[in-house]
Structures are given as structure tokens and as C-alpha cells.
Amino acid sequence: MKTKGKRVFFLYTILVSLLVILGFTLNYVYNLKESYHLVVRIYLVIEYTLLVYFFSLYIKSRFLKIVLLVSVFGYFVFSIFSFLNSSKTELPFVTGSVEHILLLLLIIAYFFEVMQESVVEPIYQKAIFWISVAFIINSAGNFFLFLYSRNSFNNEIFQRQFTIIYTTVTIIKNLLLCISIIIKEKDE
């Protein structure tokens, strides 16, 4: 991974970890559901922003970089609008679904750009490939789950299924991210 990419990925990891710890503390220790839901919304915006920035370091197309910048602004505005128009006691499933579809489109655009180039070494020998695959699996696995959750999350059976699916997808994503960390890339 490029040095700047490693720094952004490290920052992403630290912020996500801190927000997850804060969210679990608010939800399970202090039982502050509204504060927990606010942290989840902040988490989604920070995650999307950092992932877009991370991928923009690897994307070469100037037009695509501008589209990414506009998408961050648009997602931020959408998140605020969603927050203001929703109940403070519900999880932001629609905002999460929008994040996942935007990330899927971003990663597909990145892979399309990579396929346009002629490369000497296989793409799977680069950390960015494993990070991309991790987030494709995460986004694809959670997109429909989040869409469906908006109407069914109060069902106890669905909550168990949701936990199993979400946990499985997250574990697979984290395993692939671990692979990306141990990849030794050749200097360009």
C-alpha cells in the first residue's frame, strides 16, 4: 500500500474502533438509545468519507475524483436530512443502505479503471485489491439487509437473523482486511 493510503487506512481503523466502543458503551452500559443512534449516524458519515478519500488516492481519473468529492458532500447532506426527518429512536438503515450502494459503485468504478490499464503484476498481489473485495462483500452483504431491516427490525426472529448475517459479513470483511495488511507490495 502507498504510505498515504496506509495512514488513511490506519485513521479509518482507529476512528471506527473508537466509535464502535463509544456506541456499545452508550447502548449497552448506559442504555442511551438516542445517543447510540446518533453515534451510528456519525459512524456512517465518517466511514464513507474516509473510504472515499482512501480510494481517491488510488483512482487516477480526475473526473472520478471530482464525482467522489461531490458524493461525499451529497452523502453528508443526505445524512443530515435523514437525521432531521427520522425518529431519533430508530437506526439509520436507509442511510446505511445508501452508503453501501455508493461504496459498491465506487469500488466497481475503481476496478473498471484498473482493468483499463496494462499491469505487470497481478492485481491480487496488491493490498488495495483485498481492501476492495472486503468492502464489496461488506456492502453487498449489508445493502439488502439494511433495506429490509427498516420494516422488520422489531421482529425478534429477524433480529437474530440480522445479527448472524451482519456478524458473518463483518468477520469476512475483517479477515480480508487482515490479508491486505500482510501483503508485501513491490515498489513501483
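The lining of the largest pocket in this predicted model comprises 23 nonpolar, 18 polar and seven charged residues. These belong to a total of 48 lining residues, among which Tyr36, Val40, Phe146, Phe162 and Tyr166 lie nearest the centre of the pocket. Two or more lining residues come from each of helix 1 (3–29), helix 2 (33–56), helix 4 (93–116), helix 5 (127–152) and helix 6 (156–182). The volume of this pocket is about 1,400 Å³.

Helix 3 may be considered next. This helix has 23 residues and spans 34 Å from its first C-alpha to its last, close to the 33 Å expected at 1.5 Å a residue. Its buried residues are Leu64, Leu68, Ser71, Val72, Tyr75, Ser79 and Ser82, and what covers the buried residues of helix 3 includes helix 2 and helix 4.

A search of the whole structure finds 21 aromatic pairs. One of these joins Tyr48 and Tyr75 in a tilted arrangement, with 4.8 Å centre to centre and 50° between the planes. Tyr48 lies in helix 2 and Tyr75 in helix 3 (residues 62–84), so the pair ties together parts that are 27 residues apart in sequence. Both tyrosines, Tyr48 and Tyr75, are buried; a residue counts as buried when its relative accessible area is under 20%. Elsewhere in the list of aromatic residues, Phe9, Tyr12, Phe54, Phe55, Tyr58, Tyr110, Phe111, Phe129, Trp130 and Phe135 form one aromatic cluster.

Methods:
Residues numbered from 1 in each chain as written. Predicted model: local features only at pLDDT ≥ 70, side-chain atom pairs only at ≥ 80, totals over all residues. Heavy atoms only, no water. 1 Å grid on protein atoms, 1.4 Å probe; cavity = no way out; pocket = protein on both sides within 12 Å on 5 of 7 lines; lining within 4 Å. Points joined across faces, edges and corners; volume = space filled by probe spheres on them. Helix = DSSP H or I, 4+ residues; strand = E, 2+ residues; numbered from the N terminus. Nonpolar A, V, L, I, M, F, W, Y, C, P; charged D, E, K, R; others polar. Phe/Tyr/Trp six-rings, centres within 6.5 Å; stacked < 30°, edge-to-face > 60°. Buried < 20%, exposed > 50% of the residue type's maximum accessible area, 1.4 Å probe, protein only. Expected span 1.5 Å × (residues − 1). Contact = heavy atoms within 4.5 Å.
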